[in-house]
Amino acid sequence: MSGPVTQNRAGRPALAEPLWVKALVMLLALGFLGFFILLPLAGVFTEALRRGLSTYWEALVEPDAFAAIKLTLLVAVIAVPANMVFGIAAAWAITKHKFPGKSLLLTLIDLPFSVSPVISGLVYVLLFGAHGLAGPWLRDHGIQIVFAVPGLVLATMFVTFPFVARELIPLMQAQGSDEEEAAITLGASGWQTFRRVTLPNIRWGLLYGVLLCNARAMGEFGAVSVVSGHIRGETNTMPLHVEILYNEYNFVAAFAVASMLAILALVTLLAKSLLEWRHGAELAATTRRH
Amino acid sequence: MAPNWPPPPAAIDRKRIIMSISIKSLTKRFGGFAAVDGIDLDIANGELMALLGPSGSGKTTLLRMIGGLDFADEGTLLIEGEEATVTAPHARRVGFVFQHYALFRHMTVFENVAFGLRVARRKPKLAEAAIKQKVMDLLELVQLAPLAGRYPNQLSGGQRQRVALARALATEPRVLLLDEPFGALDAKVRKELRRWLRDIHKGMGVTTVFVTHDQEEALELADRVAILNKGRIEQVGTPAEVYDRPASAFVCDFLGGGTRLDCQVEGGAALIGNARVPIVNAAPAGGKAIAYIRAHDIELADGGPDILQARVRLVQPVGPQLRLDLDFNGQVVEAVLDRDSTQTAPVPGQLVGLRLRQANVYAG
């Protein structure tokens with residue numbers, strides 16, 4: 001018994017836990033991760049590849065599936081940059097300026113998080129649908145929003161717009177406006193101040209917000225489902241297409257498309273890790289606090 | 001710390017203008033509260049001016065208005081004779097050093113100092129080689145050349161302060177403004193940097209205004225001190241003038257006025273208890289008044305005229321000094337004695353005689 005005790009006195013740091021505690025905690029964390037994340041992920045891929053690679057490939061290049069993949073990417077490509085611009089503008093306005101209605105704006109930003117996605121979709125149907133408020137006018141001018149790509153983009157933007165702003169607001173609040181003021185006294189214009197000082201200071205937060213926004217934009221189901229109309233090959237995004245295939249007992253195809261969604265998510269995460277790894281030294285130098 | 005000063009920048013060779021900054025009845029309100037309330041102040045070319053006051057006295061707001069970070073509601077501000085009341089900050093050519101330095105955290109020391117040169121709106125733009133030369137000269141001046149590649153949070157507080165100063169000087173400002181420049185530093189570094197700032201000011205001759213709440217700092221560093229209270233200037237003068245002849249009770253109190261005692265003014269002297277104490281300032285002609293007696297203007301005396309009896313409450317040796325808390329008719333009197341020249345130190349409870357050498361007296 002005296003052995004471990006002297007070892008303790010000899011110099012184990014106060015915060016070091018016994019080996020069995022370490023092992024238990026690690027096992028718990030890894031077990032959880034494996035059961036809830038890795039296992040389903042593996043499940044998706046095994047189901048998708050059950051009939052072999054060629055069936056898997058055929059399921060993906062099948063015209064309707066391919067259209068769904070293209071549509072999902074198109075929606076994300078429009079919605080994510082739009083929300084990036086909006087998120088930066090909102091965070092900038094809220095954290096660097098005082099204006100009436102500021103707290104109202106702050107509350108409104110959270111609205112898409114608190115409202116059910118189905119309602120978010122329904123709002124656009126009520127506004128722009130055939131019997132909606134703007135319906136007759138849109139019909140007379142030959143503009144189709146609901147059950148078409150514009151409706152999908154609108155619903156996706158609505159659902160994903162808090163991500164960037166929510167990520168940036170606390171960050172910019174913590175940073176204050178000292179550096180911007182310093183830039184201005186040194187002769188920088190408003191745009192130079194934003195590009196050279198504000199933007200570099202928030203870029204990691206921005207990247208994270210954009211990634212989250214992108215993940216949700218590609219994966220959104222509820223709101224998109226309401227405005228889509230489920231027209232195969234035209235208004236079905238990937239999540240909607242997965243559901244249709246699944247309901248038709250076409251499991252291999254459903255999982256193949258699902259695996260494609262998972263791959264897109266993994267690529268996004270990989271891109272983030274790669275950026276963090278490449279800029280690791282700078283990141284450590286500029287975010288560590290004293 | 002005795003660096004070789006580079007030749008003063010061209011900014012100083014411009015045509016002679018007596019007043020660098022001229023402020024007339026400047027007022028700034030936040031809501032209904034006047035943070036700066038009709039201030040007049042002239043700052044001469046090349047002067048080192050301190051704005052001294054407690055928090056909330058309006059000193060930082062005044063500095064920010066000079067720098068163009070806040071704009072006055074009323075009054076005018078001239079910089080080198082040019083109207084600058086509503087001029088944008090970049091057109092004022094001022095350098096501003098922020099209380100917490102506000103260094104660009106994502107830029108190296110070099111890039112921080114180069115920032116003002118890179119964003120300059122002059123044509124043609126400064127060549128990269130010229131920027132590099134200028135930045136390295138400045139980093140040499142602030143003795144941080146070896147740390148040019150570091151990021152701000154890899155520096156100590158004193159180093160950051162020097163980077164902030166080099167950055168502000170890079171654009172060759174007409175006026176250098178510093179907000180609580182030593183506030184966030186520990187005592188030893190603060191003392192070093194004070195001397196160093198004075199040297200830099202001497203070397204470059206740029207008009208400098210700094211804000212502080214530390215009276216010792218203001219008196220030690222500045223050519224002239226403006227003492228602010230509730231958005232107004234109470235007194236402007238050289239450190240000796242404001243210390244020796246405080247114009248108001250507030251100034252006297254703020255500059256270490258010492259003990260405050262009720263007195264009666266009679267025949268040009270302050271009557272405290274039965275003791276007549278010489279008055280140093282322009283006191284009210286007669287009647288009840290308030291006397292301020294500085295701790296080192298009090299000495300122990302065994303006998304003689306104009307002696308006050310007080311009881312010793314606390315004796316505290318602090319370095320070369322002996323600090324006493326005394327009880328005079330229920331009022332606390334603070335005295336400081338020289339430890340070496342005090343043969344027998346008083347003990348708590350002892351009754352001692354006090355002679356007050358002089359007092360500043362103000363209407364109560």
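The model is predicted: local features need pLDDT of at least 70, side-chain atom pairs count only at pLDDT 80 or more, and totals for chains, interfaces and linings use all residues. Residues are numbered from 1 along each chain as its sequence is written, chains are lettered from A in the order in which they are written, and side-chain values use heavy atoms, with hydrogens and water left out.

Chain A has 15 helices and zero strands. Helices (H or I, at least four residues) and strands (E, at least two) are DSSP runs, numbered from the N terminus. The radius of gyration of chain A, taken over C-alpha atoms, is 25 Å.

Chain A meets chain B through 25 residues, which are in contact (heavy atoms within 4.5 Å) with 26 residues of chain B. The two chains bury about 2,300 Å² between them, 56% of it on carbon and sulfur atoms. Buried area is the accessible area (1.4 Å probe) that two parts lose on being put together, summed over both. In chain A, the most area is lost to chain B by Thr185(A), Leu186(A) and Arg196(A), together 29% of what that side buries.

Two salt bridges are counted between chain A and chain B. A salt bridge is a side-chain nitrogen of Lys or Arg within 4 Å of a carboxyl oxygen of Asp or Glu. The side chains of Glu181(A) and Arg64(B) form such a bridge (2.6 Å, N to O). Helix 10 (178-185), helix 11 (190-219) and helix 15 (280-287) of chain A each give two or more residues to the side that touches chain B. Helix 10 of chain A gives the most, with seven residues.

Over all chains, the count comes to 25 salt bridges. Asp214(B) and Arg190(B) join their side chains in a salt bridge (3.8 Å, N to O). Asp214(B) lies in the loop between strand 8 (207-212) and helix 7 (215-221) of chain B, and Arg190(B) in helix 6 (residues 187-204) of chain B, so the pair ties together parts that are 24 residues apart in sequence.

Chain B also contains a hairpin, formed by strand 9 and strand 10 with two residues between them. Strand 9 (residues 224-229) and strand 10 (residues 232-237) of chain B run antiparallel and are joined by five bridges. Strands pair if DSSP finds at least two bridges between them. Asn229(B) has Arg232(B) as its bridge partner in strand 10 of chain B. In the turn, Lys230(B) has a positive phi of about 50°.

Notes:
The radius of gyration is taken over C-alpha atoms; the globule rule is 2.2 Å times the number of residues to the power 0.38.
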